[in-house]
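Here is a short tour for someone meeting this structure for the first time. Please keep the 3D view open while you read.

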Amino acid sequence: MAATVLVTGGLGYVGSHCCVALAHAGYEPVVLDNLSNARESVLERLRELTGAAIELHRADVRDAGALDRALANRPIEAVAHFAGLKSVRESVERPLDYFDNNVNGTARLLEAMARHGVRRMLFSSSATVYGVPQRLPYTEDHPLEPVNPYGCGKLAIERMLERAAAANPDFHYAALRYFNPVGAHPSGRIGEDPRGVPENLLPYVAQVASGQRPTLRVFGKDYDTPDGTGVRDYLHVMDLAEAHVAALRFLEREHRSIAVNLGTGRGHSVLEVVKAFEAASGRPVPIEFAPRRAGDLPEYWADATLAAQELGWRAARGLEEMCRDAWRWQSQNPDGYV
Ligand code: NAD
Ligand code: UFG
């Protein structure tokens, strides 16, 4: 029988792609999501892509009773914990909501896992836990000094996991520090579906290419980077999803915990992304330069060595494929999930 993985936030962008990768690797994903940032129609698409009757618990991770119901009726191999709020900007405006949803949510989830003897967790952390780069690329031993409430919450959760594992030798976790996930499943059936005006670069660029928005505003043109625009380590969401499978196998094999970067190990500038997207879509992406966005760092990228050594995982897909798959999703679903 396939081992079951509870995927919190499994209807969201990264979680939905991870469900597909888990099913492909022979696991049975069960989703728990409160739909605060997702649509129920994702579920049908997941069932279609995986051929599995994926079960949905429409519930909040802070709801102990709902967690008990999701964890009680079968053995759970692991929890892949994606449920959380993710806007850095919003976290500055509503820090307490972010700490409650993300940090308290994880505490409630860990308690429920302990009640039901679930011993493994994959956690969606973020490169934002590092804060201002003291050296690049970021290695996992770079100081952890996040500069916004969202990042402080991610670090608080990493610390909580560390202490929980120290107190219970049977419990192991992987804190997966994502860099910039982009792109979509190659089928074009699932992808990133931001509400309102996209905050992130790729979905915005995709909407400009499709004609839904007139121009991309490039935030900053005088950074100390090769072309003056911001540099990030973009990674294909399917590479990221597959890294979760590799991390789960690591926990099963090694019986120890890990905090690890998930990136490609190379950076691309905003202008490089725009150029690659124009090539992939065959559409123009007009730009205008705008002032730097508050809180943005000039550049950062991952040292991806540890993931290769410990998880046996490397990102396999390049910028061209990220843009091609993002464009397929955008052009086949101009209004996102409906
Ligand atoms: P997303 O918003 O698309 O997915 C999150 C999902 O969690 C949504 O389906 C939402 O409905 C659900 N959710 C939120 N709060 C919940 C709660 N209290 N109970 C139950 N469900 C809840 O975001 P994503 O891009 O898929 O990100 C997934 C995780 O990865 C998040 O924890 C995010 O912080 C982290 N992360 C994302 C990025 C990125 O750029 N996308 C980068 C680094 C880390
Ligand atoms: N950018 C633009 N115009 C836009 C949007 C973005 O020029 O309309 C630029 C940004 O200034 C930055 C780059 O594109 O240089 C990438 O910006 P994103 O918003 O796509 O990504 P960030 O690196 O700013 O943020 C992401 C996640 C955060 C996470 C952070 C650190 O969205 O949740 O990475 O890992 F905290």
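Ligand 2 is surrounded by 21 residues, and the closest are Asn 200, Arg 217, Arg 232, Arg 293 and Asp 296. A residue counts as near a molecule or strand if one of its heavy atoms lies within 4 Å of it.

Before we go on, a word on how to read this: it is a predicted model, in which local features need pLDDT of at least 70 and side-chain atom pairs count only at pLDDT 80 or more, while totals for chains, interfaces and linings use all residues. Residues are numbered from 1 along each chain as its sequence is written, chains are lettered from A and ligands numbered from 1 in the order in which they are written, and side-chain values use heavy atoms, with hydrogens and water left out.

**Around ligand 2**

Strand β8 (residues 216–219) gives the most to the shell around ligand 2, with four residues. Helices (H or I, at least four residues) and strands (E, at least two) are DSSP runs, numbered from the N terminus. Sorted by class, this shell around ligand 2 holds ten nonpolar, five polar and six charged residues. Here Ala, Val, Leu, Ile, Met, Phe, Trp, Tyr, Cys and Pro count as nonpolar, Asp, Glu, Lys and Arg as charged, and the others, Gly among them, as polar.

The table lists polar contacts of both ligands, a contact being a pair of N or O atoms within 3.5 Å (within protein, one must be able to donate a hydrogen and the other to accept it, and residues adjacent in sequence count only if both atoms are side-chain atoms).

| Ligand atom | Protein atom | Distance |
|---|---|---|
| oxygen of ligand 2 | backbone N or O of Phe 219 | 2.9 Å |
| oxygen of ligand 2 | polar side-chain atom of Asp 296 | 2.6 Å |
| oxygen of ligand 2 | side-chain N or O of Tyr 300 | 3.4 Å |
| oxygen of ligand 1 | backbone N or O of Val 14 | 2.7 Å |
| oxygen of ligand 1 | polar backbone atom of Ser 36 | 3.1 Å |
| oxygen of ligand 1 | side-chain N or O of Tyr 150 | 2.6 Å |

How much of each ligand does the protein cover? For ligand 1, the protein covers 95% of the 820 Å² of accessible area that this ligand has on its own. For ligand 2, the cover is 90% of 690 Å². These areas come from the Shrake-Rupley method with a 1.4 Å probe; for residues, only the protein chains shown count as cover.

**Around ligand 1**

Ligand 1 has 28 residues around it, of which Val 14, Asp 33, Asn 37, Lys 86 and Tyr 150 come nearest. The elements giving two or more residues to its shell are α1 (13–24), β5 (120–126) and α6 (149–167). Of these, β5 gives the most, with three residues. By class, the shell around ligand 1 has 13 nonpolar, ten polar and five charged residues.

Strand β2 (residues 28–33) pairs with strand β3 (residues 55–58) in the parallel sense over four bridges; strands pair if DSSP finds at least two bridges between them. Leu 32 has His 57 of β3 as its bridge partner.

His 172 belongs to strand β6 (residues 172–178). Is His 172 buried or exposed? His 172 is buried, with a relative accessible area of 12%. A polar atom of the His 172 side chain lies 2.9 Å from the backbone oxygen of His 255. Asp 100, in helix α5 (residues 95–115), is partly exposed at 30%. Buried means under 20% relative accessible area, exposed over 50%, and partly exposed in between (1.4 Å probe, protein chains only).
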